Amino acid sequence: MILNKAIHLTARPSAGPITNEIFEVVEKQVPTIEQGQFLVKQSHMSLDPAMFGWMSPDTESYIPPVALGDVMRSSGIGEVVESNNPDFNVGDRVMGMMGWQQYFISTGAGLNKVQAPLSDEAVLSVVALPGLTATQGLFNVGKPKKGETLIVTGAAGSVGSIVGQLAKAEGLRVIGVVGSDEKANWIVNELGFDAAINYKSADLASQLAQKAPDGIDVYFENTGGDIQPLIFERMNAHARVVVCGLIADYAKETPTAGPSWLNVIKKRITIQGFTMPDHFHQVPELLAKLTPYVMADKIKYRAHVLNGLESAVDGLNLFFSGENKGKLIVKL
């Protein structure tokens, strides 16, 4: 008999920190797998800012909210431990949406085999959702050109750090916006960014003028916040804004007002939001684009690993405090 411990969402979060009261830990026996199914034992779960939207009651979002009483949604990686599916063998590593739980029964829909010779932490940090998001957003939305200037917010985070490194590999000047001097040093001295700005420091407008003297061509937005309108003022004609996340607004009842649209007209700026569920059918294509950079050691990462299933709840609040250093992962 195999027992599966899972965390279910039982209430919608209110503004502010996430608390244990909206979750319930449930332990149940794993049912016998049927023909065509296989059982995965998760080793690591990914924590992502998108989870705040998944927990909300918003039915007009890009993906339905997690239903109350259901296992909390998340992506992860694990190993097939039992199989009645000819396409998935015991020992295969798979990644995909498996939720906050130790075991997951699947028919294979939505899961992808992991072939790359990388650790589970590296897979979740680079070639899973963060890398796929960075690749889709940068290349297919941002359309970068060699010699251009790109700025990315949340630049020390899982998505932003990969965006910056991919842009550098493509010959762009890259500026990262971060929340501490330690993170600024990391993205410049370890990841090779051309410059960094701590958004908690003074004179942000003058820092932007100094570090982006030729203006900004691609703005990859992960956070929102006070620096957003200042970046917008430095956009060049025909610049592209890639809107991936707004973590600064996720805990607010009323979102912050955005920049003036005057520059959208004057500078013919393209602004596009995107979310990865629209592009899950492109995963093989995106992996084919990303993998050569990874295998050529052009993508570095660091993982912030929490231990134990229940650490996921407090782990979410690290996105608000900015205390996480690298990709947030829960080790089961």
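Reader: Which residue stands opposite Ser106 in β6?

Author: Phe38 does. Keep in mind that this is a predicted model.

Reader: OK. In what sense do β3 and β6 pair, and over how many bridges?

Author: They pair in the antiparallel sense, over four bridges.

Reader: How many bridges join β3 to β4?

Author: Seven, and these two strands also run antiparallel.

Reader: How many residues of β3 are buried?

Author: Eight of its nine residues are buried, so β3 is largely enclosed by the rest of the structure.

Reader: Switching topic. What is the strand order in the open sheet of six strands?

Author: The order is β10-β9-β8-β11-β12-β13. The pairing is parallel.

Reader: Which strands stand at the edges?

Author: β10, residues 195-198, and β13, residues 270-273. Each has a single partner strand, so one side of each is left without a neighbour in the sheet.

Reader: What does the twist average?

Author: The twist averages 15° from one strand to the next.

Reader: Which helix packs on the sheet?

Author: Helix α5, residues 181-189. Helix α5 touches β9 and β10, and its direction makes about 170° with that of β10.

Reader: What about salt bridges? How many are there?

Author: The count comes to seven salt bridges. Side chains of opposite charge can pair when their charged atoms come close.

Reader: α5 came up already. Which residue forms a salt bridge with Glu182?

Author: Arg302 does, with the closest N and O atoms 3.0 Å apart. Glu182 lies in helix α5 and Arg302 in the loop between α9 and β14, so the pair ties together parts that are 120 residues apart in sequence.

Reader: Is Arg302 buried or exposed?

Author: Arg302 is buried, with a relative accessible area of 19%. The cut-off for buried is under 20%. Glu182 counts as partly exposed, at 33% relative accessibility.

Reader: Which residue does Asp194 form a salt bridge with?

Author: Lys168, the closest N and O atoms being 3.1 Å apart. Asp194 counts as partly exposed at 32% relative accessibility, and Lys168 counts as partly exposed at 29%.

Reader: And what does Asp48 meet in a salt bridge?

Author: The side chain of Lys327, at 3.4 Å from N to O. This pair links distant parts of the chain. Asp48 is in the loop between β3 and α1, and Lys327 is in strand β15, 279 residues apart.

Reader: How buried are Asp48 and Lys327?

Author: Asp48 has a relative accessible area of 6% and is buried. Lys327 is buried too, at 2%.

Reader: New topic, rings. How many aromatic pairs?

Author: The count comes to six aromatic pairs. One of them is Phe23 with Trp100. Their ring centres are 5.2 Å apart and their planes are at 35°, so the pair is tilted.

Reader: Where do Phe23 and Trp100 lie?

Author: Phe23 lies in strand β2, and Trp100 lies in the loop between β5 and β6, so the pair ties together parts that are 77 residues apart in sequence. Both residues are buried.

Reader: What about Phe52 and Phe319? How are those rings set?

Author: The centres are 6.2 Å apart and the planes are at 85°, so the pair is edge-to-face. Phe52 lies in helix α1 and Phe319 in helix α11, so parts that are 267 residues apart in sequence are tied together. Phe52 and Phe319 are buried.

Reader: Which residues make up the cluster there?

Author: Ring pairs link Phe52, Phe319 and Phe320.

Reader: Last one. Which residue lies over the face of Trp54?

Author: Arg73, at 5.4 Å from the ring centre. Lys113 lies over the face of Phe88, at 5.2 Å from the ring centre.

Note on methods
Residues numbered from 1 in each chain as written. Predicted model: local features only at pLDDT ≥ 70, side-chain atom pairs only at ≥ 80, totals over all residues. Heavy atoms only, no water. Pairing = 2+ DSSP bridges. Axes fitted to C-alpha atoms, helices over the stretch in contact; angles between N-to-C directions. Contact = heavy atoms within 4.5 Å. Phe/Tyr/Trp six-rings, centres within 6.5 Å; stacked < 30°, edge-to-face > 60°. Buried < 20%, exposed > 50% of the residue type's maximum accessible area, 1.4 Å probe, protein only. Lys NZ or Arg CZ within 6 Å of the ring centre and 35° of its normal. Salt bridge = Lys/Arg side-chain N within 4 Å of Asp/Glu carboxyl O.
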